[in-house]
Amino acid sequence: MTLGELEDIFKKKLCTSVYAYVITPLNTKFPSKLVIAAPSDNRINSAEVERRWTIIRESFKKCKGELIGVSADGDPKVHR
């Protein structure tokens with residue numbers, strides 16, 4: 001999804017927020033990188049959040065990478 005497409009979704013009132021998934025490498029020589037920007041109407045449940053993290057973890061494994069941990073803004077759906 002492009003930034004323009006995301007802006008269009010907001011203008012059309014199809015979502016109220018965006019879940020941003022950002023990779024922050026432990027090695028500070030590498031920058032953080034946005035990997036997913038998922039529009040949301042904030043009706044997402046904790047099972048969907050966990051499903052998304054599972055997909056991200058599996059994608060890392062396929063690339064021989066490892067996801068060590070996650071952090072969030074305090075949304076209880078993420079911390080279940």
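Residues are numbered from 1 along each chain as its sequence is written. In this predicted model, local features require pLDDT of at least 70 and side-chain atom pairs pLDDT 80 or more, whereas totals for chains, interfaces and linings use all residues, and side-chain values rest on heavy atoms, with hydrogens and water left out.

The protein contains 2 helices and 2 strands, assigned as DSSP runs (helices H or I, at least four residues; strands E, at least two) and numbered from the N terminus. Their order from the N terminus is α-β-β-α. Along the principal axes, the C-alpha atoms of the protein fill a box of roughly 40 × 30 × 25 Å. Of the 80 residues, 18% are buried (under 20% relative accessible area, with exposed over 50% and partly exposed in between; 1.4 Å probe, protein chains only). Among contacts (heavy atoms within 4.5 Å) between residues at least 6 apart in sequence, 41% join residues at least 24 apart.

The loop between α1 (3-11) and β1 (17-23) includes L14, which is exposed, with a relative accessible area of 59%. A separation of 38 Å is found between the C-alpha atoms of L14 and K29, which are 15 residues apart along the chain.

Within α2, V49, R52, W53 and I56 are buried. These residues cover an arc of only 95 degrees around the axis, and therefore lie on the same side of α2; the arc is that of the directions from the helix axis to the C-beta atoms. The buried residues of α2 are covered by elements including β1 and β2 (33-40). On the face turned away from the buried side, α2 carries the exposed residues A47, K61 and K62. At the N-terminal end, N45 caps α2, with a side-chain oxygen 3.2 Å from the backbone nitrogen of A47. After α2 comes K64, with a positive phi near 65 degrees.

The volume of the largest pocket is about 630 Å³. Of the 25 residues lining the largest pocket, Y21, V22, W53, V70 and S71 are the closest to its centre. β1 and α2 are the elements that give two or more residues to this lining, and β1 gives the most, with 7 residues. A pocket is an open set of points on a 1 Å grid over the protein atoms alone, where a 1.4 Å probe fits, with protein on both sides within 12 Å along at least five of seven lines; lining residues have an atom within 4 Å of a point. Grid points are joined across faces, edges and corners, and the volume is the space filled by probe spheres set on them.

Key:
A polar contact is a pair of N or O atoms within 3.5 Å; within protein, one must be able to donate a hydrogen and the other to accept it, and residues adjacent in sequence count only if both atoms are side-chain atoms.
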